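Subject: Two-chain model, handover and notes

Hello,

Please find the structure below. My notes on what was found in it follow.

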Amino acid sequence: MPLFDGLGSGGEKTAIVIDLGAAYTKCGFAGETGPRFIIPSEIRKPGQQQAVKVVQYNINTEELYVILKEFIHILYFRHLLVNPRDRRVVIIESILCPSHFRETLTKVFFMQFEVPSVLFAPSHLMAIMTLGINSALVMDCGHTETLVLPVYECTPILPAWEALPLGGKAIHKELDGLLVEQCTVDTDTTTGQSVPAVIGTIPEETVEDIKVRTCFVSDLQRGLKIQEAKFNLDGTAERPAPPPDVDYPLDGEKILHVKGSIRDSVMEILFEQDNEEKSVASLILDALVKCPIDTRKVLSENLVVIGGTAMLPGFLHRLLAEIRLLVEKPKYSNVLASKSFRIHAPPAKPNCTAWLGGAIFGALQDILGSRSVSRDYYNQTGRIPDWCCLSTPPPESLYEAGKTPPPLMKRAFSTEK
Amino acid sequence: MASLLQPDRVVYLVRGEKRIRAPLSQLYFCRYCSELRSLECVSHEVDSHYCPSCLENMPSAEAKLKKNRCANCFDCPCCMHTLSTRATNIPAPLPDDPTKTAMKKAYYLACGFCRWTSRDVGMADKSVASGGWQEPENPHTQRINKLVEYYQQLAHREKQERDRKKLARRRQCMPLAFSQHTIHVVEKYGLGTRLQRQRSGAPISSLAGLSLKEGEDQKEITIEPAQALEEVEPLPEDCYTRPISLPEVTTLRQRLLQPDFQPAGASQLHPRHKHLLMKRSLRCRKCEHNLSKPEFNPTSIKFKIQLVAESQVLLTLTNPVENITHVSLAACEEDDPDDINSTAKVIVPSKELVLAGKDAAAEYDELAEPQDFQDDPDVVAFRKSNKIGFFIKVIPQKEEDADVTVSFKIRHDFRNLAAPVRPSEEGADNPTEAIWLTHHVELRLGPLAP
C-alpha cells in the first residue's frame, strides 16, 4: 500500500464508499482493501429500546429523511471521522432500490451534508470489478432477498434479473418459529419451560446470533433427505441423524436448548422448491435461460456469489450441487446446452465484495468526477438520474464549469432561439 | 413555577430551512446574522482527533495514515473494552552465556473485564511495552492493489479520450488548418461519440470499452483475470456430529469488528487498535462563521468560540447581556402561521419592560444602590439585578386538553458588541447600534388542575 495514500493523483481526497444494506452497512474509504466498519443499519433514539431500521421503503419521505440524516451523521462523525464537504461519495445500491429512497438519500447527502458529488453504483456490477473479468452471473444473497443479475461485457443484462424474498429475514422468521415451537428454556429455578412462557418473543439479535453460531447448510444428499422427511405424508422417509443440541445462554440465568434438528434444517428453506419450483439455485438457471444464447456459456462458467447470507458454512458447496442437479431436469436441459458451472472466489468476504468493487472504482480519481452526479447538477435539476427514468437532461453542459458550454447544449435548456 | 425552568417547557422557534422548536439551551446564536440556529441548520465539521483512552491528540495527517486508530491503545476483540499491558518475568537465557538464565520482562495484553489475554490467540509476548504488537495484514492486499492499478490505467485512457474529444469538438470551429488534424485524431481512435459519452448517473458501464490500445509509450499493466473454480470445499464431516462449544465460536458482532478477516473461531480474534473520537466544530451555513469551536487539547472541555444562545439571547426573565434591555411582549395574532401549538390565549403586559444589565460584581455587592425603575405592581412581580418577574394571564381554551401551551413573541433590542469595527467613513458611526430581534416563544405550562 503506498505510504501517502491520502494524497491522490491530483491532490483530491479519497472518496467515501458506503454500502447501505438492509441489515448491515459497510462504510470506508476508496482504495482500501476492506471497509473500515460494518455496522447494523439502524439508529437508536434516546429513550426507546427498539432500534429503528434505516432501510425502510414503506415510510413516508419526511420520516425517512430524518432517519437517514441521523444515520449518515453517525457514519461521518463517529466512524469515518472526516468532513462531508471534502469528499465524493460512492453509494453501492441494489438496482431494485425504489426511486424515492434513492432520492431521499441524495437529498440528505446534498442538502444536509453538502458533499461535492454522489455516485450510485449497482452492486452486481461492482462485484465483478474485484475479479478483473468482464462477464459474470452475479447472485447477491442479502437480508431481504436474493437477487440474480447477469453481467456480460460489463453491461448488466437487465431483462434477465431474477429475485426471491429468501434471505436473512426469511431465515430468521423460520428459525424463530422453530425455536418457539420446539425448544425449551431452563431458568435457575425450573427446567423445560416453553419459550413463550419464560421470555415471550426472542429478540431478533438473539435469533441472528443463533443462526450465525450454530446453524449450517447440509450437503445435497442430506438436505434432500431432510426435505423428504419434512414433507412426507406417509411417514416412511427417515430423517438423517441430527447434529448435537446446543445450550445457548440467554441473558440472566436462562439457557435455551437449541435442538440439533433445527441446526441443519432451518437453511433448507433456501433450497426447498415451493409450488412454483423456485429456489435459490433455480434463480440462477432461470436467469441463464433468459440470457441470449451466445452469452450463456461464459456466464455459467463465471458465477459470483456475494452477500451476507452466502457466508453460511456449506452454502456455496450446496448451491453448486443444487444447480448441477437442477440442470438435469427437462425444463433446463432442453434449453441449456452447456452444463459446466464454475464459481469465483473474490478477494474479499462475500458481504464486502460489492463494497470492495465500489472502493476500487472510487479510487479512479480520473473519472470518478465525470461519472458522478455533482452538487451543481443536483441543484439545477433537483433530481438524480435513475436507470428506469428516461427524462433526465444530459449533464455535459454542467461539467465544464467556468468554460462556455457548447452552443448545442445551450439551446436545449433555454427557450430563446 | 419551578417547573418552568425545565428545559423543554420553554421552546424557541428557529426559522431555518425547517421550523424547529427547541429549548434555548440547545440552540446557538449567530451574531453576524443575528439569528437563532439549531443543530440542523449549521454544518458540522471535524475539528480534531483524539484517543478516548489515552487522551492523546492526533494531528489529522497522522490520523489519516493510521486509519483513525490510536498507535498505543488496543481494544479487546471479545468485549471491546480497552486492553491493558501487563508485564511478567520470564526466565530467558542471557545472550552471551546460554547456560545461565536471567529474568527478563515480557509484556502481554490483557482485558480487565472479560479476562481475555493476547496469549489466548497465540500472540507471543513482546519485550517492549508498546509498539511491539502488529495487526495482521489482509492476504488479498497485493491482488487488490494490482486491480486498482490496472483500472487506473483504463481510467486514465478514458480521461485522455474525453479530453481529446473535447478539444476536437472545440477545434472544429477553428480555421481549416487545424481541422485535418482533429479528423485524423478522431479517426485514429475510431469510436463514435455515442459509445463513449459517459453520462453521469446512467448505469455505469465499465471501462472495458477501452481496452488498452497501442501507441502509448507507457508500459501496459495487464492483469490476469480471476480463475473460477470447479469445486468448492464441502463442510467437514464432523460438523454433523461434533458438539459445539459456544465460547469458541465468535459472535457476529465480534466478527464484524474485523471486516477483513471475520474469523469464525475465537482463537483467531486479534486485537485492533482503538478507534479515535473527534471533536466537532459548528459553522453557520449562511455566513460561514464558526459558532462553536472546541479546544485543541483533548482533556479540556472548554471552547475557543462558543456562541450558545443562552448567553446571547434573552432568557425569559433574565437578561444575560450587560446593557439595559427593553423587552416588549406581544401575543400572537389570530392567523399567525407559527402559532400551531398554543391551546390557550394569553394576555401579556402591553407596556415595555426594562431589564437592567448583567453586572458580574452585583452578587457580591450587598450595598448595591436600589435600581431606579418605576414598576407597575400589576405587571412586575419582583425585580432583582438583571432578573424580572412579570405576570401574564392565561385563558385556557379547551377543557379537556392535557397540556396548556401558550405562545407569544418577545421583542428585544440587541447590541452586537463583537461586530468587527468597520472603518467608519462617516466618522461618527456608532458600531453598537441596537437591532430589534423578535423571537417566537412557546411555554408549556402543564396540565390543568381538575
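R102(A) and E93(A) form a salt bridge with their side chains, 2.9 Å from N to O; the term stands for a side-chain nitrogen of Lys or Arg within 4 Å of a carboxyl oxygen of Asp or Glu. Both partners are covered: R102(A) is buried at 4% relative accessibility, and E93(A) is buried at 10%. Here buried means under 20% relative accessible area, exposed over 50%, and partly exposed in between, with a 1.4 Å probe and protein chains only.

Before the rest, some ground rules. This is a predicted model, in which local features need pLDDT of at least 70 and side-chain atom pairs count only at pLDDT 80 or more, while totals for chains, interfaces and linings use all residues. Residues are numbered from 1 along each chain as its sequence is written, chains are lettered from A and ligands numbered from 1 in the order in which they are written, and side-chain values use heavy atoms, with hydrogens and water left out.

Other salt bridges

Over all chains the count is 33 salt bridges, and between chain B and chain A it is seven. In one salt bridge, E231(B) meets R324(A) at 3.4 Å, N to O. This pair crosses between chains, from the loop between helix 4 (193–196) and helix 5 of chain B to helix 11 (residues 315–326) of chain A. Helices (H or I, at least four residues) and strands (E, at least two) are DSSP runs, numbered from the N terminus. E231(B) is exposed at 51% relative accessibility, whereas R324(A) is partly exposed at 23%.

Within chain B, D238(B) forms a salt bridge with R242(B), with the closest N and O atoms 3.5 Å apart. Both are partly exposed, D238(B) at 36% and R242(B) at 44%. R85(A), E114(A), R285(B) and E288(B) are linked in a network of salt bridges.

The side of chain B that touches chain A

The contact (heavy atoms within 4.5 Å) takes 78 residues from chain B and 98 residues from chain A. About 7400 Å² is buried between the two chains, and carbon and sulfur atoms give 58% of that area. Buried area is the accessible area (1.4 Å probe) that two parts lose on being put together, summed over both.

Which elements of chain B each supply at least two residues of this side? They are strand 5 (42–50), helix 1 (60–65), helix 2 (141–171), helix 5 (252–256), strand 10 (272–275) and strand 11 (277–284). Helix 2 of chain B gives the largest share, 16 residues.

Residues to look at

E45(B) is in strand 5 of chain B and is buried, with a relative accessible area of 14%. Leaving aside neighbours within four places in sequence, E45(B) is in contact with residues of both chains, among them F77(A), N83(A), R85(A) and R280(B). The C-alpha atoms of E45(B) and R280(B) are separated by 5.6 Å, though the two residues are 235 apart along the chain.

R222(A), in helix 7 (residues 220–231) of chain A, is buried at 12% relative accessibility. Not counting residues up to four places away in sequence, R222(A) touches residues including P240(A), D264(A) and Y240(B).

In helix 6 (residues 204–214) of chain A, nine of the 11 residues are buried. These buried residues pack against several elements, including helix 4 (168–182) of chain A and helix 5 of chain B.

Regards
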